[in-house]
Amino acid sequence: MSFHTQQLALVLSVMIGATAAAVMPTAALAQAGDDEGRAVLYWYDPMVPQQKFDKPGKSPFMDMELVPRYADEGSDGASMKIDPSVTQNLGIRLATAVRESISQSLEATGALLFDERDVAVVQARAGGFVERVYDRAPEDVIGKGAPLADLLIPEWAAAQEEYLALRDVGEPQLLAAARQRLRLAGMPADVIAQLQRSGKTRAVWTVTSPIAGVLSSLDVREGMTVPAGASLARINGLSTVWLEVAVPEAQVGHLAQEQKVTARLPAFAGESLEGTIQAVLPQANLDSRTVRVRVELPNPQQRLRPGMTAQVTLNRDVEQALVIPSEAVIRTGRRALVMLAEDEGRYRPVEVRIGREFDDRTEILEGLEAGQKVVASGQFLLDSEASLRGLTAQSLEQPRSSFESALHEAEGTIVGLEDGMVGLSHGPFKTLNMPGMTMAFPVADPSLSSGLQSGDRVRVGVRETDEGLIIERIVKLGGQP
């Protein structure tokens with residue numbers, strides 16, 4: 001605990017003591033002041049409560065007498081007893097940890113895109129000439145079978161005449177071979193069928209759209225010569241569209257394929273569209289710290305057009321969770337604490353591991369059980385008093401890999417490199433509420449600063465530890481980490 005925090009805690013302790021004096025009768029105060037006969041566990045300095053002494057005397061840290069810690073204040077040394085009249089005067093309010101059914105939702109924005117799985121590319125099946133282009137243009141919405149262009153394909157004429165000549169010979173094998181040559185020449189099955197029915201050759205092929213949708217490109221003009229395999233047109237289907245949503249990376253772990261999504265478009269005020277998550281895309285945006293989520297929306301009436309924007313609600317399945325009011329959680333920067341209310345007016349600081357936050361409640365993953373009571377108002381006063389009395393919350397003893405402080409990022413310019421330290425003139429660490437400044441940071445691994453020099457612009461990731469902020473990631477802007 002820092003010196004300023006110690007001073008604040010001492011002031012708050014005096015406030016608690018003063019409040020107790022204000023509400024206790026004079027006779028009670030006289031009785032409380034008589035400590036003879038009370039068993040003492042140890043002595044301590046209120047400014048350095050973690051250090052314990054086995055006998056009274058002067059504090060080695062401050063010019064003050066050591067304070068006794070009595071056995072009746074908590075035999076386990078981990079809880080403290082506060083007079084009920086004091087807690088009432090301080091407005092201390094309790095809340096119960098309860099297990100509830102929750103369904104968390106996330107609001108985000110997105111934009112409509114073409115479904116890239118519903119695409120048709122039309123190519124020339126054989127070399128020929130463009131005799132006619134129908135009245136079409138890119139961005140037109142066309143139906144299935146809509147004509148696009150007429151191609152004159154000379155080699156089809158000779159192949160068709162050969163087929164018709166063999167049809168009257170009465171040689172099935174030769175006729176089958178002639179039919180196979182028609183197919184190899186690129187003639188569509190419907191053109192071959194028409195040849196069989198009519199018995200007339202046809203060298204002009206009308207190119208049509210195989211699907212309904214938007215004509216994205218039309219690459220033919222009258223009089224052009226096109227080789228076999230040349231791209232003539234591209235059509236994007238509209239039966240379904242994609243909605244790409246930018247989701248904060250911290251929320252991506254709660255999303256999965258086939259999860260239901262609700263979308264609202266400004267173009268259709270008052271309407272809600274239902275879709276499903278088709279994929280959580282693999283690449284994150286480094287600048288916005290978001291991940292794109294692809295949602296598939298049905299579009300039977302073809303009202304939804306790529307480029308439209310939408311407000312999206314991503315819902316999670318209902319599940320059971322242990323929750324307490326968010327105001328009951330004390331965040332120290334490295335861990336989260338609550339003040340646990342026990343019998344006979346005793347209070348104990350307890351470390352908890354928190355999960356999601358929704359509305360005014362916080363999920364408790366570890367440290368509490370359903371039915372336990374925590375202080376929801378006035379807990380900071382009790383926490384300060386606990387610190388003065390040398391009470392510390394027992395650690396959850398979680399492995400570092402599963403419970404560690406977050407990585408905080410900012411950009412800056414290197415001003416010096418020396419002895420495993422990086423001097424950095426950095427911008428604000430927004431997640432730490434830390435303004436921009438120039439200071440030196442130690443690095444977790446000396447190899448992180450390899451190849452860097454003064455003047456380089458970098459993006460750093462720091463983590464809070466007992467020794468302060470330590471750089472765990474450095475990315476040279478415009479280069480590789």
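This is a predicted model: local features need pLDDT of at least 70, side-chain atom pairs count only at pLDDT 80 or more; totals for chains, interfaces and linings use all residues.
The protein chain has 481 residues, of which 41% are buried. Its secondary structure comprises seven helices and 31 strands. Among contacts between residues at least 6 apart in sequence, 68% join residues at least 24 apart.

Helix packing was considered next. Two packed helices are described by the angle between their axes and the distance between the axes. Helix 4 covers residues 154-167, and helix 5 covers residues 172-184. The axes of these two helices, helix 4 and helix 5, come within 9 Å. They cross at roughly 165°. Angles over 145 degrees count as roughly antiparallel, and helix 4 and helix 5 are therefore roughly antiparallel to each other. The crossing of helix 4 and helix 5 is left-handed. On the helix 4 side, the contact involves A159, Q160, E162, Y163, L166 and R167. These residues meet L174, L175, A178, R179, R181 and L182 of helix 5.

Helix 5 also packs with helix 6, which covers residues 189-198. The axes of helix 5 and helix 6 are 10 Å apart, and the angle is about 140°. Helix 5 and helix 6 are therefore oblique to each other. Their crossing is right-handed. Helix 5 contributes R179, L182 and R183 to this contact. Helix 6 contributes I192, L195 and Q196.

The structure holds two aromatic pairs. One of them is formed by W156 and W205. Their ring centres are 5.9 Å apart, with 50° between the planes, and the pair is tilted. W156 belongs to helix 4, whereas W205 belongs to strand 12 (residues 204-208), so the pair ties together parts that are 49 residues apart in sequence. Both tryptophans, W156 and W205, are buried.

Arginine side chains lie over other rings. R294 lies over the face of W242, at 3.9 Å from the ring centre. R303 lies over the face of F268, and here the distance from the ring centre is 4.3 Å.

Strand 12 holds a further residue of interest, V204. V204 has a relative accessible area of 27%. This value falls between the 20% limit for buried and the 50% limit for exposed, so V204 is partly exposed. Not counting residues up to four places away in sequence, V204 touches E131, D150, L151 and L152. One of these, L151, is 53 residues from V204 in sequence. In space, the C-alpha atoms of V204 and L151 are 5.4 Å apart.

D343 is found in the loop between strand 23 (336-341) and strand 24 (346-358). The relative accessible area of D343 is 66%. The cut-off for exposed is over 50%, so D343 is exposed. D343 and K81 are 262 residues apart along the chain. Their C-alpha atoms are separated by 9.5 Å.

Notes. Residues are numbered from 1 along each chain as its sequence is written. Side-chain values use heavy atoms; hydrogens and water are left out. Rings of Phe, Tyr and Trp (its six-membered ring) pair if their centres lie within 6.5 Å; planes under 30 degrees apart count as stacked, over 60 as edge-to-face and the rest as tilted. Helices (H or I, at least four residues) and strands (E, at least two) are DSSP runs, numbered from the N terminus. Buried means under 20% relative accessible area, exposed over 50%, partly exposed in between (1.4 Å probe, protein chains only). A charge sits over a ring if NZ of Lys or CZ of Arg is within 6 Å of the ring centre and within 35 degrees of the ring normal. Axes are lines fitted to C-alpha atoms, for helices over the stretch in contact, and angles run from 0 to 180 degrees between N-to-C directions. Angles under 35 degrees count as roughly parallel, over 145 as roughly antiparallel, 65 to 115 as roughly perpendicular and the rest as oblique. A crossing is left-handed if the near helix is turned anticlockwise from the far one by less than a right angle, and right-handed if clockwise. Contact means heavy atoms within 4.5 Å.
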